[in-house]
Amino acid sequence: MSTRYVKIYYGPYEAFYTVCHKPQKLRGLRDKLQKLGFRVDLVPVDFVNLCVLEMCGHEVFRCNICNLSFNSSSERDPVCQRAVAAVLEGSSKFLRARSYLWSWALIEEQIFRRSEFAPKDYWPFDFKNITTCEDCVCCDKNK
């Protein structure tokens, strides 16, 4: 899954004695994230007053949807600014984790291990394989 993909789960909330989904609450947040290059999907859910931002299957921000401003830009809404900051921070953490896991996968796959064309290892002494303690030089059993 891409680190530039955000799902916004939003629930209905009460306004003017009606309870329904209003994606207009998320206009500023959606527009700001799309300007930053994220792909945004709005997903309505049945939980009242819920707004959750999800990236790569992980929740990066949660708030009450009533705290977002209705149909306004992200510059005027402090909750929206915090959500955008959380998404940017989450994206950088996911990229860092992906590169870290990628490098460990390469090491485990032995891509960085020496091949037949790599320089040979030269030891200053003859290295012999020691199988028993009697072959060992460090013990005084042979003397």
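Predicted model: local features only at pLDDT ≥ 70, side-chain atom pairs only at ≥ 80, totals over all residues.
1. The largest cavity holds about 40 Å³ of space.

2. Cavity lining. The residues that line the largest cavity are Lys25, Gly28, Leu29, Leu68, Ser69, Ser72, Ser73, Ser74, Asp77 and Cys80. Sorted by class, this lining comprises three nonpolar, five polar and two charged residues.

3. Salt bridges overall. Five salt bridges are found in a search of the whole structure. Several of them are described in the points that follow.

4. The network around Arg30. Arg27, Arg30 and Asp31 are linked in a network of salt bridges. Within it, the side chains of Arg30 and Asp31 meet at 3.7 Å, N to O. Arg30 has a relative accessible area of 26% and is partly exposed; Asp31, with a value of 24%, is also partly exposed.

5. The Glu59 pair. A salt bridge joins Glu59 to Arg62, with the closest N and O atoms 2.9 Å apart. Glu59 is partly exposed, its relative accessible area being 44%.

6. The pair in helix H2. Lys93 and Glu89 form a salt bridge in which the closest N and O atoms are 3.1 Å apart. Both residues belong to helix H2 (residues 78–108), where they are four residues apart, about one turn of the helix. Lys93 is partly exposed at 45% relative accessible area, and Glu89 is likewise partly exposed, at 43% relative accessibility.

Notes:
Residues numbered from 1 in each chain as written. Heavy atoms only, no water. 1 Å grid on protein atoms, 1.4 Å probe; cavity = no way out; pocket = protein on both sides within 12 Å on 5 of 7 lines; lining within 4 Å. Points joined across faces, edges and corners; volume = space filled by probe spheres on them. Nonpolar A, V, L, I, M, F, W, Y, C, P; charged D, E, K, R; others polar. Salt bridge = Lys/Arg side-chain N within 4 Å of Asp/Glu carboxyl O. Buried < 20%, exposed > 50% of the residue type's maximum accessible area, 1.4 Å probe, protein only. Helix = DSSP H or I, 4+ residues; strand = E, 2+ residues; numbered from the N terminus.
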